[in-house]
Amino acid sequence: MEFDNSQLMTILPEVVLMSGALLVLLVDLMVRDSDRMWPYALTLGTLLAAFAATIHVSGGSEEILLGGNYVRDAMGDSLKGALLLIAIPLFIYAREGLLKMDEWRTEYLTLGLFSILGMMIMISANGFIALYLGLELLTLSLYALVAYCRDSSKGAEAAMKYFVLGALASGLLLYGISMIYGATGKIDFPGIMQQLSADGAGDQTIFVFGLVFVVIGIAFKFGAVPFHMWMPDVYQGSSTPVTLLIGSLPKIAAVAIALRVLAGALESLHQDWYMMLVILAILSMALGNIVAIAQQNIKRMLAYSTISHVGFIFLGILSGTDEGYRAAMFYAVVYALMAVGAFGILIALDRKGVVVDQLHQLKGLNDRHPWLAVTMLLVMFSMAGVPPTVGFWAKLFVLEAVVSIDLWWLAVIAVFFSIIGAFYYIRVVKFMYFDKPIDDEPVVVGGAAQTMLAVNGAAILLLGLFPVLVFGLMKL
Amino acid sequence: MSADLPILSIVIWLPIIGGLLVLGSGDKAPNVSRWLALFVAVATFVLSILLWTGFDSSTAEMQFVEKAAWIPAYHINYHLGIDGISMPLILLTTFVTILVVIAGWEVIQYKPSSYMASFLIMEGVMVGVFAALDSMLFYVFWEAMLLPMFLIIGVWGGPNRVYATIKFFLYTFFGSVFMLVALIYLYFQSGSMGILDYHTLKLGMTEQILIFLAFFVAFAVKVPMFPVHTWLPDAHVEAPTGGSVILAAIMLKIGGYGFLRFSMPITPDASHQLDLFIITLSLIAVVYIGYVALVQSDMKKLIAYSSISHMGFVTLGFFIVFMIASNENAETGAILGMEGGMVQMISHGFISAAMFLCVGVLYDRMHSREISDYGGVVNVMPWFAAFMVFFAMANAGLPGTSGFVGEFMVILASFRANFWFAFLAAITLIIGAAYTLWMVKRVVFGDVTKESVAGLDDINAREALVLGSLAVMVLVLGLWPAPLIEVMDASIKNLVEHLAVTKL
């Protein structure tokens, strides 16, 4: 395989991130347990540097390098940029939460950075090998993170479930990949695409079989119904800082691989996969929104809410149009922003020895800490898709995508379930604003986390007024 | 025509930004936030008067137009403009908001700055609904109304407020999302998000009916029409006085406005096809809900039902135009019906606001809305009784008050459509008088039998100012409605002509 030093420049973001992650690991050996400011500062610095590097290498036409395994294009640039930017508040909130839990260790930072590296590799994958490697790097880091609190039996149980089901999903994905590889003899996406369009009229049974497994594998990673079983348990079982990571950024990477595989490599099979996604989307929106109503645990509720959001993301992908793909990317980024905010607020409410994960613990938040309440209000209305928050535009764009291919009945189903969804989101608002507090302890939030939460909430509102600021960056 | 100032934008954003300032001022010095809120509300009203003085009533064209690209990828524009239909409603909004701010001056002690801020933000958003000419901009404002109202009812409302506000939210959210799908569909048919472009878009009958129904769900919930009215009595009863006033005086009008701006011009053939359906629902609202109002023991609930009944006149006036047009070639009859509906909307805005404020005055003193807790109020509160009786007369449609003008115009127009419509609509003059005056009789007149009533104080200067200004408006509009009708005439005429042309 030819290797050219100039290629290193293009993969600079990944290089920076990996060096940073390794450096954090090394620095940790040299600092005392009580003083983890250095690895923490280094983590944030790495993210910023990787973001700057992403901006630096972005622009221009598509570049394929590293033996055809890696692609840098507009879609990758925009998703990586969003990923790295949203990772910054994520780590700030996570530190706040881990400090409160007395679990503030460098492993979180290292594993977190590696999982982000995995996501970036997934986003940049131009073939199934790179995609699979990125995916495994991501999920292995996450398995370890779920079991991060060593003494928590719930965490261990969740990690076990996640690992077994995740491994199963990886297996299914690999099986599908092997079929497609066997049929085409190609492992890179452009090659598969060419091969498919070349024998377009021929027998496609093997492709469709492979496709089914690939779609299942992707649906597993997304957590789409009926492959969602792991999500509620993992969300609930993990400590909130870990749920924060699992519940937000990986969706951006998942959208990327869905677009690379379905919209890229297997585009000519659109007729076959779009119906699968329609079914997955309807089931996800239905089950996610309905079951979320019954939850008393906020993390579990947000898990089901995520499932319903995944349904909406699928609406964008299944349209098969560029507008739809952009809408799905936008949705995933917006979702990550909202999810980070939601879990960040739960972390802010945590106290030493008290974990906030029950709905009733939010009662009277408006009296206890009005600014946190306002932020949560914005996040909830945004998730419900009520203007003027950014969540509305995310929903609008995917709805436009499905209406544009004349599936207006699907749009009607989607909005119908979003009404059901609105109920449990406004129930959270009801607890915060209309009920009296049951807990008079003052809310203690660190300065950095508090500032970041304010920025997060403001971003949700501001992007609701000017969605173009982000939507304009979503390019294919 | 339009000054260089973007007046519409200012009238929308001044109260919203002012509201945020009031919110930021906190509750440490409640009087500061109160005066700031009042200042913002008055400034907005004064600015909105420029819309009236600068308005050219000879044309049906949109005026004070502002247009800027917002989301170019989907052709979404920040597009504002007003015509004779929306302009009076904007003035109504800015006027009533001042009264709401004054009315909540002393009553609201819990987080007064948030209360004032909610109403100011609400004001800006509602003006935005009336001024938006881009369907997505409209939808954003339309949904954004829910948020402050949800909090107003939920935070400052009565004992059953949580149930009422969630019901209110879900009902209206349910209505509006289907409208969203219809709007997106229209976007792909026309390639534009402009409401005015939808007006000229050709559509097949099936499409029209589906779109009409999607709009109908949204607007019928808002108006509210029978049988989707059940959120209103709950919301009204539980809302604080200011919330009830805004709900009745303005939010309900937004439903009626939606029919005029969306349903009828975008799907005229479907509106024609289904007009009997709407007329039937309107008449049910007028007659049946009138009887329901008669048996209420709670004053606010009674007025809430009376609102539904009066709004039935509005939809009746709008949808009989098709029948009039097919009975005879009388365009004037159609215009009469529609203008009657519009006058009824404005007039009901004043009267219902006044009625709710009257109940608010009593409630602030007695903390009860039950009719049976009162009696003989006139003996201790003569000034208040005078106002209450006057507004009750207006609510019953006494000639000389604004309540008479709209109802009379609609009944007159219904005669041209069908005698029985007019007959049923006219019955309401009797029922309306019955339930309003009977309530007044039980609350205001008679001897003081309850000790608690004996100790009541008459209205203070602040309350007198609020009720007095409304009384003036009701009288002026009742005696001399010509300026209002003149302003909307060109736009209504244009709309009626537009409806006569099939889009198939």
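Predicted model: local features only at pLDDT ≥ 70, side-chain atom pairs only at ≥ 80, totals over all residues.
Helices here are DSSP runs of H or I that hold at least four residues, numbered from the N terminus. Over all chains, the count comes to 20.

Start in chain A. Where do Lys100(A) and Glu96(A) sit relative to one another? Both belong to helix α4 (residues 74-101) of chain A, and because they are four residues apart, about one helical turn separates them.

Now move to chain B, where the side chains of Arg261(B) and Asp83(B) form a salt bridge at 2.9 Å, N to O. This pair links distant parts of the chain, 178 residues apart: Arg261(B) is in helix α11 (residues 241-266), while Asp83(B) is in the loop between β2 (76-82) and α3 (86-103). Arg261(B) counts as buried because its relative accessibility is 4%, and Asp83(B) counts as buried at 5%.

Another salt bridge in chain B joins Asp298(B) and Arg369(B), whose closest N and O atoms are 3.3 Å apart. Asp298(B) lies in the loop between α13 (275-294) and α14 (299-327), and Arg369(B) in the loop between α15 (331-366) and α16 (377-380), so the pair ties together parts 71 residues apart in sequence. Asp298(B) is buried, with a relative accessible area of 8%, and Arg369(B) counts as buried at 14% relative accessibility.

Finally, return to chain A. Here a network of salt bridges links Glu157(A), Lys161(A), Asp233(A) and Arg300(A).

Technical notes
Residues numbered from 1 in each chain as written. Chains lettered and ligands numbered in written order. Heavy atoms only, no water. Salt bridge = Lys/Arg side-chain N within 4 Å of Asp/Glu carboxyl O. Helix = DSSP H or I, 4+ residues; strand = E, 2+ residues; numbered from the N terminus. Buried < 20%, exposed > 50% of the residue type's maximum accessible area, 1.4 Å probe, protein only.
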